[in-house]
Amino acid sequence: MLYLASRSPRRSELLTRLGAPFRILDLEVPEVRGAGESAEAYVRRVALDKAQAGLALVADDPQAVVLGSDTEVVLDDRVYGKPADADDAAAMLRSLAGRTHQVITVVAVAGHGRHALETVISEVSFAPMSQAQIAAYVATGEPMGKAGGYAIQGGAERYIRHLAGSYSGVMGLPLQQTAALLAEFAAGVAGGSMDKGE
């Protein structure tokens, strides 16, 4: 059985598009970047922590396959998590506006005795945004709960000048890479651990 270790409605919606039945696991995993930990290593660790924490919840299912994922916005080695409040969201958007940042999404799949990871890095360029535009977008409430304070599939899309990479990856789950990873995992390619990057 496939399980999704995420409370994100976006990830659930995206995974549904792959057509495989799955169950959602409601869990909380600490997301704290370690001192000296690179942004990419941090995202990879959190994604795997989610998958392994989910696997622990369904340990009685010998056929369990748990998918965990983490997405972070990165600019100048700063990891932009979810904004604490509206002011924080506005500050994030001010720093992203008119610049190109990375969105790192890692998909981790874990089963009993094995796991696999896939890293997808996309580049997103924002057009310049005025203070009024930022304030109006923040007032919609959409930035809350979103890494970097924006949802590419929502109101922020009008400010995205260029995207190089995976649109669904920026949303939170890169579908092409996730489908390939699940197929490889099901075929037994990941014998112990399989770590892929992009």
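Modeller: Two strands count as paired if DSSP finds at least two bridges between them. The model is a predicted one, and in it strand E1 (residues 2-5) and strand E2 (residues 22-25) are joined by four bridges. That number meets the requirement of at least two, so E1 and E2 are a pair. The two strands run parallel. Within the pair, Ala 5 has Leu 25 of E2 opposite it.

Ala 5 also belongs to the cover of E1, which can be taken face by face. In a regular strand, side chains alternate between the two faces of the sheet. On one side of E1 are Leu 2 and Leu 4, and on the other are Tyr 3 and Ala 5. All four are buried, so both faces of the strand are covered.

Another pair of strands, E3 (65-75) and E4 (78-80), is of interest for the loop between them, where Asp 76 is found. Most residues other than glycine have a negative phi. Asp 76 is not a glycine, yet its phi is positive, at about 55 degrees. Asp 76 has a relative accessible area of 60%, which is over 50%, and therefore counts as exposed. Asp 77 lies in the loop between E3 and E4 as well. The phi of Asp 77 is also positive, near 65 degrees, in a residue other than glycine.

Turning to the helices, H3 (residues 86-96) packs against H4 (residues 131-139) at an angle of about 135 degrees, and their axes are 10 Å apart. H3 is therefore oblique to H4, because angles over 145 degrees are needed for roughly antiparallel and those from 65 to 115 count as roughly perpendicular. The crossing of H3 and H4 is right-handed. On the H3 side, the contact is made by Ala 86, Ala 89, Ala 90, Leu 93 and Arg 94. H4 contributes Gln 131, Ile 134, Tyr 137 and Val 138. By class, the residues of this contact are seven nonpolar, one polar and one charged.

With a relative accessible area of 15%, under the 20% limit, Arg 44 is buried.

Note on methods. Residues numbered from 1 in each chain as written. Predicted model: local features only at pLDDT ≥ 70, side-chain atom pairs only at ≥ 80, totals over all residues. Heavy atoms only, no water. Axes fitted to C-alpha atoms, helices over the stretch in contact; angles between N-to-C directions. Parallel < 35°, antiparallel > 145°, perpendicular 65-115°, else oblique. Left-handed = near helix turned anticlockwise from the far one by under 90°. Contact = heavy atoms within 4.5 Å. Nonpolar A, V, L, I, M, F, W, Y, C, P; charged D, E, K, R; others polar. Buried < 20%, exposed > 50% of the residue type's maximum accessible area, 1.4 Å probe, protein only.
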